[in-house]
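Have a look at the model first.

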Amino acid sequence: MDQDNMPGSGVDRRGFLKLSVWGGAALAVGAGASTLLTCCSSDPGPASGYKHLRDKDVTLLRPLMAPLLGGGLEAVDGAGPDQALQAFDRLLQGGTDGQRGQLFQLLDLLQLGAARWWITGTWAHFEEQGDAQLRDTLAHWANNDGGFPKLAFKGLTQPILMAWYVTPEAGRTTGYPGPPVVGSGTASA
């Protein structure tokens, strides 16, 4: 009796070939996705006027600034999404290369429609959405009970909010008077 076809002997030749074909296809897709997500093939560097954010990051995040910051942009005269992105870019300067790398991996994922749908609940690119739809997208994303989408929301939006509200112009709009002034005569010795 042929040992290759005996029950319990493992995978036969035909099964092994099928497994090899599917395994090779999975490796090819995985390698392609890995190259896409790590942007090894072409890293254009930072966008003009930025130290860290790339053109595609600025394009992705710009539409989110106004709904994400609520009335924070309108409260500062002449402020717009680009000022908020500049503040976020300055905040990234204080991070390590590894931390920025993880952020860029998340931003790369958000460029892909299927990943954006899984993370945020929408297939549409943020720049293709109107204000009401962006607010709905952010609300859905913030209320997602999934582990990774919620972590991604906090990991992206909290630094953006922090970066904006630590700027002196935006900080004054919150009603917080700021740290005590040394030598103002209010502290007793």
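Buried means under 20% relative accessible area, exposed over 50%, and partly exposed in between (1.4 Å probe, protein chains only). This is a predicted model, where local features need pLDDT of at least 70, side-chain atom pairs count only at pLDDT 80 or more, and totals for chains, interfaces and linings use all residues. Residues are numbered from 1 along each chain as its sequence is written, and side-chain values use heavy atoms, leaving out hydrogens and water.

Now for the rings. Phe, Tyr and Trp rings (for Trp, the six-membered one) pair if their centres lie within 6.5 Å; planes under 30 degrees apart are stacked, over 60 edge-to-face, and the rest tilted. That rule gives three aromatic pairs. One of them, W118 with F148, is stacked, at 5.4 Å centre to centre and 5° between the planes. It links helix α5 to helix α7, with W118 and F148 30 residues apart. Helices here are DSSP runs (H or I, at least four residues), numbered from the N terminus. W141 and F153 are edge-to-face, because their planes sit at 70° with the centres 5.3 Å apart.

| Residue | Relative accessibility | Class |
|---|---|---|
| W118 | 48% | partly exposed |
| F148 | 35% | partly exposed |
| W141 | 1% | buried |
| F153 | 15% | buried |

What about R116? This helix α5 residue is buried yet has no salt bridge, and the nearest side chain of opposite charge, E128, is 6.1 Å away. A salt bridge would need a Lys or Arg side-chain nitrogen within 4 Å of an Asp or Glu carboxyl oxygen; Lys and Arg count as positive, Asp and Glu as negative, with His and the chain ends not counted.

Definitions and conventions:
Helices (H or I, at least four residues) and strands (E, at least two) are DSSP runs, numbered from the N terminus.
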